[in-house]
Amino acid sequence: MAQDLSADIVVIGSGVCGLLAAHRLVMQGASLLILEAGPRVDRGRIVAAYRNSAWKGNWMAPYPSMPWAPHPNYHPKDNGYLIQAGPYPYPAEYIRVVGGTIWHWAAHAWRVLPNDLKIKSLYGVGRDWPLSYEELEPYYYEAEVKMGVSGAPNTGSPRTKPFPMEPVAEPWAMRRFRERLAAGGYEVVSNTTARNSRTYDGRPACCGNNNCQPICPIGAQYDGGVAASAAEAAGAKIIPNAVVYRIEHDPQGRIVAVHYYDPNKTSYRVTGKTFILAANGIESPKLLLMSASDKYPKGLANGSDMVGRNLMDHPSSSLTFDAEEELWLGRGHQSPSSINTFRDGAFRSEYAAFRLDFTNISQVRSAAEDLIAAGVYGPELEKQLRYRSAHQVNVKDVLEVLPNPENRVVLSSQKDALGIPKPEVHYALDDYVHKGMAAAKVEYARIAELMGGTNLRYTPDGQYANNQHITGTMSMGNDPKDSVVDRFGRAHDHPNLFIAGTGVMPTAATVNSTLTGVALALRTAQHIHETS
């Protein structure tokens with residue numbers, strides 16, 4: 001067993017960032033061990049579980065939370081894993097399984113804008129990143145090739161090479177949005193997604209199923225299973241059901257081992273030369289804080305007291321309305337198009353930037369639920385259901401939140417089944433966000449007017465949805481006094497501990513964070529290879 005519990009590089013967490021960093025390193029000759037708290041999952045079983053679920057609106061249903069590796073679950077009731085300390089709720093959703101949360105995602109794979117990395121210098125808000133867009137760009141492209149990303153070239157993010165493939169076919173409803181909104185000066189473009197428009201990397205082209213979340217039934221969408229299989233085929237070893245509960249260091253501060261429990265709470269010790277923490281923006285800081293010692297009483301990598309701080313995400317408001325023409329959302333993939341012109345500008349010194357996103361999710365279920373709740377039955381239900389299913393549409397914003405040290409992850413006094421502290425989140429939204437929401441609401445009204453919209457239903461002020469883009473909590477920076485890792489993801493306090501994932505992002509920008517997290521992880525992997 002001893003030989004199985006040691007490797008050149010030990011990776012904690014088998015999400016996409018950890019897996020693609022691992023794949024890169026094992027291809028360069030390192031022996032590599034990946035520890036995953038949750039179990040293996042099977043694509044066929046996930047698809048069957050979703051098909052058999054009683055309520056199709058619960059996208060977490062196919063991914064049960066395990067007693068030894070719980071994750072947040074809110075349906076039919078909150079399982080109490082992620083403790084809410086307020087004042088604003090932060091109901092994050094993520095999955096602890098081999099492959100991580102990208103089993104369950106919209107496959108958005110956006111790049112940030114160059115200006116996103118220097119908003120402090122340009123607009124006097126947030127933080128500047130310790131690297132430039134030009135330094136990150138090659139790793140963006142590497143990530144796009146590995147994941148199979150397609151998109152429109154006119155999103156504002158510069159490219160030195162074209163996308164690996166053309167976008168998936170535009171659904172009819174999105175075509176009509178694009179054509180009608182052009183008259184108002186809006187440019188509707190195809191979303192940047194890790195979804196095949198042609199056969200790619202042994203996976204088929206998208207055939208238009210409308211349940212990309214919680215699982216693409218044919219595998220046209222990149223997911224955690226693809227990432228895990230590639231890492232293992234290259235030579236990485238994954239140990240599932242391995243719940244890391246402590247990171248061990250030597251007197252000099254180098255990491256020498258990690259300790260994990262199996263589901264029976266049997267403890268194992270794994271040694272290595274280099275360690276990569278790649279759980280996520282909640283589980284990773286939780287583990288660093290749990291690993292406090294006499295030498296590091298505030299937790300590992302926490303000399304700055306910044307571990308767990310600056311939690312960010314992308315809150316959303318929305319407008320649902322009835323378009324004047326039949327659009328029949330639900331034909332094709334779920335999230336195909338957006339407006340990107342509000343992602344940057346001088347206004348960012350005053351209020352949050354945002355992206356406007358159009359859903360293509362079938363409206364039959366939601367319309368039926370609303371009508372039944374309103375007491376509509378019989379022939380009238382059939383009549384109204386048909387009308388709403390054909391005409392009902394939705395536009396939402398994906399809005400930037402600035403880093404705030406008081407928005408943070410800490411250890412709760414409550415414990416899970418293994419006796420490990422549950423994570424507790426403190427979260428608030430400020431006027432910068434509320435002003436951005438107000439600006440987006442003006443655009444919603446114009447969009448509805450151009451679409452001949454009636455029956456307008458806005459999100460109530462302050463009741464924003466969460467997009468599950470967990471960002472921050474272990475920010476990178478040049479100064480060890482106000483950041484956790486350096487520009488390559490190396491912990492300031494520990495020379496052989498690296499952190500990979502969206503948690504190292506200093507700011508959240510306006511787009512889904514996955515691709516940026518992967519690009520940063522690949523850059524970290526290259527640095528490890530060059531310096532080891």
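Which residues does UniProt list for "domain: Glucose-methanol-choline oxidoreductase C-terminal"? I looked this up in the unreviewed entry, and UniProt lists residues 403-521. I note that the model I examined is predicted.

**Entry on the annotated segment.** I computed the secondary structure over residues 403-521 and found 24% helix and 21% strand. The end C-alpha atoms of this segment lie 21 Å apart.

**Entry on the whole protein.** I counted 11 helices and 18 strands in the protein. I then asked how the radius of gyration compares with that of a compact globule. For 532 residues such a globule would have a radius near 24 Å, and the protein has 23 Å, so the two agree. Along the principal axes, the C-alpha atoms fill a box of roughly 70 × 50 × 45 Å. Among contacts with a separation of 6 or more, I found that 73% join residues 24 or more positions apart.

**Entry on surface and charge.** I found that 61% of the 532 residues count as buried. I located the mean positions of the 52 positive and 53 negative charges, and they are 3 Å apart.

**Entry on Phe 321.** I placed Phe 321 in strand E10, which spans residues 318-322. Is Phe 321 buried or exposed? Its relative accessible area is 0%, so I recorded Phe 321 as buried. Leaving out residues up to four places away in sequence, I listed what Phe 321 touches; among them are Phe 177, His 391, Met 451 and Arg 457. I also checked Val 395, which is 74 residues from Phe 321 along the chain; their C-alpha atoms are separated by 8.9 Å.

Note on methods:
Residues numbered from 1 in each chain as written. Predicted model: local features only at pLDDT ≥ 70, side-chain atom pairs only at ≥ 80, totals over all residues. Heavy atoms only, no water. UniProt positions renumbered as here; feature names shortened; annotations may be inferred. Helix = DSSP H or I, 4+ residues; strand = E, 2+ residues; numbered from the N terminus. Rg over C-alpha atoms; globule rule 2.2 N^0.38 Å. Buried < 20%, exposed > 50% of the residue type's maximum accessible area, 1.4 Å probe, protein only. Contact = heavy atoms within 4.5 Å. Lys, Arg positive; Asp, Glu negative; His and termini not counted. Charge placed at Lys NZ, Arg CZ, Asp CG, Glu CD.
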